[in-house]
Amino acid sequence: MTTPLDRRRFLQGAAALGAAAALGACTTDGDDRGSRPGGQVTPTTTAPRAPRAEGILVLLTLYGGNDALNTVVPVEDPRYRALRGALALDPAATHDVGEGFALHPALERTKALWDDDRLAIVHGVGFDGLDRSHFHCMDVWQAGRTDDLTTGWMGRWLDAVGTDPLDALVVGHPLPLLARGRRRSAGAIPAGPFELGGGDALHDLVARMSGDSLGRSALADAVARSTSDLYDVAATVSPHLADRQPATTLAGRLAIVADLIAADLPTRAYAVELRGFDTHASQAEVHHGLLAEVDGALGTFLDLVAGERVTVVVSSEFGRRVAANDSGGTDHGGAGTVLLAGTVRAGHHGDPPPLDDLVAGDLRTTVDHRSVHGAVLEDVLGIASADVLGSDAPEPLRLV
Amino acid sequence: MDGAEVATRRSRALADTRSAVAHLVRRAAFGAPPEEIDALAAAGYEAAVETLCDLARPDPAADAVPPPTFAPATPAAADDPVARQERARRVATERRALQLWWVRRMVAADRPTHEKLTFLWHDHFATSIDKVRGAERMHRQHRTLHDLGPGPFDRLVHAMARDPAMLVWLDGRDNRAGAPNENFARELLELFTLGTGGHGHDRHDRQPYTEADVADAARALTGWAIGPGDEGVLDPGRHDHGTKTVLGTTGALGLDEVVAAATRHPACAPHVVARIWSRLARPAGPDDPVVQELADGFARDLDATSLLRRILLHPDFLAPATRAALVKTPVDLVVGTARTLGTTPDETTMTLLVGLGQVPFAPPDVAGWPANEAWLSTETARVRLRLAASVSAQVASEELVGPPAERPTTLARLLGIDRFGPASAAALRAAPGPRAALTLALASPEHVVA
């Protein structure tokens, strides 16, 4: 088994020998992974990669607290209209998904996914201790537990499975808690052109400088690790991002993910985000715009990866207060709704929280969030839920 | 003790002082050129702290950086697409100008600790131009943070509670009698003053405020609007004059009473001190013994400059573990590099800051920017290398970096680093020229940690 240190030593050795070019010719698939824009050869590993397992996971995090109740809408429940007042959506404009629910009017392509059996809706997802704090709730959500919020569940999956910085990739920055493990972190890539700049001689030295932890503090060694991982990511990813314009939209970020999936990277999990869901005021217009962005991006992305076994999970740190406030918005709330799209067990999952049994005005949690993380860990990434979430995590749902 | 031994001890003590002062200047003043560190160290560590913490003096060098000019806000007619487009273009231009202005100000300042403190308060009361839109309003908030930042914390909170940018950012202007909007009230208690009591299973038993406090604080803060002179003004007709109870105080409470109740609550000082200590010294929660000790003093007068001085003079601030405990934030890295090497940030610098994920006036959310490991990814590593190469291209010379064998020593002194580890030192000596050597030094792990 190759440890990260071994790989860096290998890399240093290759750089020191000036053998990068020779090694570049040894890539198993003979493609252009060894080259950077400009045709330079990178001093990086060319060890054969494990064959890609079947499932690819894409986590789309909506920051700010997406209004679950106006995303998957209980249109047939008279209490919905009474509690939501002016923010209640007109049932005629929504898209029926059965069992008394309908999708927000902006979710047109999502409705097409539903009709195509490619959408799973999980109702009432939250955790014991939802406290309306964005930051605590998002930390718990990404940690996948409540007692220790120093690592994310994707990061602990990385800790468990191996050493390749390409196992998981985050588009953008800074690195979310989700992607940070005890020993490893997901790789991160720009939402735009991937340029290293500098010349081979410089990068050989940077790689050498970053390859040895001798005499450094733990934090300095973490800096060095991020740099040496960069060369692994660069060699594989940069050819696919070479001529790309900076992506300013969710659709653009997901298009990058689609390109990387099409390029057959070893990457098993991707994370992207969209911000702005904290709709305390003027929600009708703002939320419509945000959901339209999600809808268009998701629809286009799944078209781009048609034929691949890809599961997208769309989630947020909490839902919003059932009753609207008087600023035309909603305040922080309780349980949320998670959407899974692509390769999924289509249909409704979990018990919809009843509107006549609220917790301090919020939707009650009926599904522990770990049952959703566990579902994709087991059925997309192929690892036992308990190995990442601990043995006290509840049984995963069967969503994929 | 013979003469030689005395001399050796003295030079060792001087080296220790210089190392401590370099650490002080890195953390509290964005770094400085080596001669400036020498000068501060010559007077001793305590004197250096006093010099940095003298925030009352004016700073003509910082004030000489011209702030952007703001076009008068003309509400564009909703049905005039040309005017709307023009307005959007102007908003974007003013935003970029404002962001570059502050970074340049940080670089030019003679009192960089004042800029650092202002940036810490910006991070604490994190408000983003993404929602506020108007650059002039953000500029005004900056003035408030800058002018009131060194003084009493309760006064600063009071000013933030009726700051126009904040009234937009957290919807305070929509918060009115009979129609409370609790966005600002919640963050006031959770982030700005009290905190949530830390993490863990029993956090709810320790949370210093309740949902009822949030609801009644929101009612007490109703009626604040943005007046014609772009000032926070109370509209009595929109204020809830009824009885509320916030953190144990009951009455016809308003903004004054809520700010007083929150800033005098026993949880306030440890929460605020933990935040500032974590950014300047090492990550710590409100229960940390050093934080508790500093919070005892802060609770007495809530004076930010006194807190700053006590942090920088605390023995734990100079402990080896503290010195290795932080990753430079992108702003620290960019401003520190420019101050140390004498470069001037430009549009390219700002693009690199965007790439690194930290641009002033645009925090990701109301909790401010993340810290430490969040800044370590393959992507920040990539942009840090580009930043290093870009700065090095401007200033590197044989004279600056020294002959190959001496580069590790010369560059460590230049960048305010104690020493490079063997791997970095070997790379520096092997670099094909001064430009590569300086690039390597700037991108080195030793330089990226604060």
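Predicted model: local features only at pLDDT ≥ 70, side-chain atom pairs only at ≥ 80, totals over all residues.
1. Residues are numbered from 1 along each chain as its sequence is written, with chains lettered from A and ligands numbered from 1 in the order in which they are written.

2. Chain A has 12 helices and 12 strands (DSSP runs numbered from the N terminus, H or I of at least four residues for helices and E of at least two for strands). Of its 400 residues, 58% are buried (20 or more other C-beta atoms within 10 Å of the residue's own, with C-beta atoms placed from the backbone).

3. Strand 8 of chain A (residues 269-274) is largely enclosed by the rest of the structure, because 5 of its 6 residues are buried. Strand 1 (residues 56-62) of chain A runs parallel to strand 8 and is joined to it by 6 bridges, with Leu59(A) opposite Ala271(A). Strand 6 (residues 168-171) of chain A also pairs with strand 8 in the parallel sense, over 3 bridges, and here Leu169(A) stands opposite Tyr270(A); pairing requires at least two DSSP bridges between two strands.

4. Between the chains, 54 residues of chain B are in contact with 55 residues of chain A (C-beta atoms, placed from the backbone, within 7 Å). On the side of chain B that touches chain A, helix 21 of chain B gives the largest share, 8 residues.

Methods
Buried ≥ 20, exposed ≤ 12 C-beta atoms within 10 Å, placed from the backbone. Contact = placed C-beta atoms within 7 Å.
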